Amino acid sequence: QVHLVESGGGLVQAGGSLRLSCAAPGSIFSSSAMGWYRQAPGKQRELVAAFSTGGSTNYGASVKGRFTISRDNAENTVYLQMNSVKPEDTAVYYCNARKKTGDYTYNNYWGQGTQVTVSS
């Protein structure tokens, strides 16, 4: 059982900021592409931001320019800085670790999710 521990969610007003954190076991963090996804009620889970295995970053179109993903390798932690939040950012945010297990195979590990609610 891999434990990804998220924190930092909560209630924030539109236009405000919030920072999410996700701590992972070192054996997973150092060998995985880490990222954040979110799922709003009645919608599919979608990419928010993620590192590729090469270290570059990818962002969902709706958060580009507002959210920033970063990582602290010494702390085995990945962060999501959320600025200029909007009511449509309201969702459960999940930390993800994507670990390559073969040439074309991966294991995906998920955190328990943290609720972010943006009030208008």
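## Exercises: charges and rings

Arg66 counts as buried, at 11% relative accessibility. The model is predicted, and each exercise below works from its side chains.

**Exercise 1. Classify Arg66 and Asp89 as buried or exposed.**

Step 1. Recall the cut-off: buried means under 20% relative accessible area.
Step 2. Take Arg66. Its relative accessibility is 11%, so Arg66 is buried.
Step 3. Take Asp89. Its relative accessible area is 1%, so Asp89 is buried.

**Exercise 2. Find what the side chains of Asp89 and Arg66 form, and state where each residue lies.**

Step 1. Check the N to O distance. It is 2.8 Å.
Step 2. The cut-off for a salt bridge is 4 Å. Asp89 and Arg66 therefore meet in a salt bridge.
Step 3. Locate the partners. Asp89 sits in the loop between β8 and β9, and Arg66 in the loop between β6 (57–59) and β7 (67–72).
Step 4. Read the separation. The two residues are 23 apart in sequence, so the pair ties those parts together.

**Exercise 3. Work out which residues form salt bridges with Arg38.**

Step 1. Start with Glu46. The closest N and O atoms of Glu46 and Arg38 are 2.7 Å apart, and the pair forms a salt bridge.
Step 2. Glu46 is partly exposed at 36% relative accessibility, whereas Arg38 is buried at 6%.
Step 3. Go on to Asp89. Its side chain meets that of Arg38 in a salt bridge, 2.9 Å from N to O.
Step 4. Asp89 is in the loop between β8 (77–82) and β9 (91–100), while Arg38 is in strand β4 (residues 32–39). They lie 51 residues apart, and the pair links distant parts of the chain.

**Exercise 4. How many salt bridges are there, and which residues do they join into one network?**

Step 1. Repeat the bridge between Asp89 and Arg66, at 2.8 Å.
Step 2. Trace the shared partners. The bridges join Arg38, Glu46, Arg66 and Asp89 into one network.
Step 3. Give the count: three salt bridges.

**Exercise 5. Classify the ring geometry of the aromatic pairs.**

Step 1. A pair of aromatic rings is described by the distance of the centres and the angle of the planes.
Step 2. Count. There are two aromatic pairs.
Step 3. Take Tyr37 and Trp110. Their centres are 5.3 Å apart and their planes stand at 75°, so this pair is edge-to-face.
Step 4. Tyr37 is in strand β4 and Trp110 in strand β10 (residues 106–110), 73 residues apart.
Step 5. Tyr37 is partly exposed at 22%, and Trp110 is partly exposed at 34%.
Step 6. Take Tyr94 and Trp110. The centres lie 6.5 Å apart and the planes at 90°, so this pair is edge-to-face.
Step 7. Tyr94 is buried, at 15% relative accessible area.
Step 8. Ring pairs link Tyr37, Tyr94 and Trp110 into a cluster.

**Exercise 6. Which rings have Arg71 and Arg98 over their faces?**

Step 1. Arg71 lies over the face of Phe51, 5.3 Å from the ring centre.
Step 2. Arg98 lies over the face of Tyr106, 3.7 Å from the ring centre.

Technical notes. Residues are numbered from 1 along each chain as its sequence is written. This is a predicted model: local features need pLDDT of at least 70, side-chain atom pairs count only at pLDDT 80 or more; totals for chains, interfaces and linings use all residues. Side-chain values use heavy atoms; hydrogens and water are left out. Buried means under 20% relative accessible area, exposed over 50%, partly exposed in between (1.4 Å probe, protein chains only). Helices (H or I, at least four residues) and strands (E, at least two) are DSSP runs, numbered from the N terminus. Rings of Phe, Tyr and Trp (its six-membered ring) pair if their centres lie within 6.5 Å; planes under 30 degrees apart count as stacked, over 60 as edge-to-face and the rest as tilted. A charge sits over a ring if NZ of Lys or CZ of Arg is within 6 Å of the ring centre and within 35 degrees of the ring normal.
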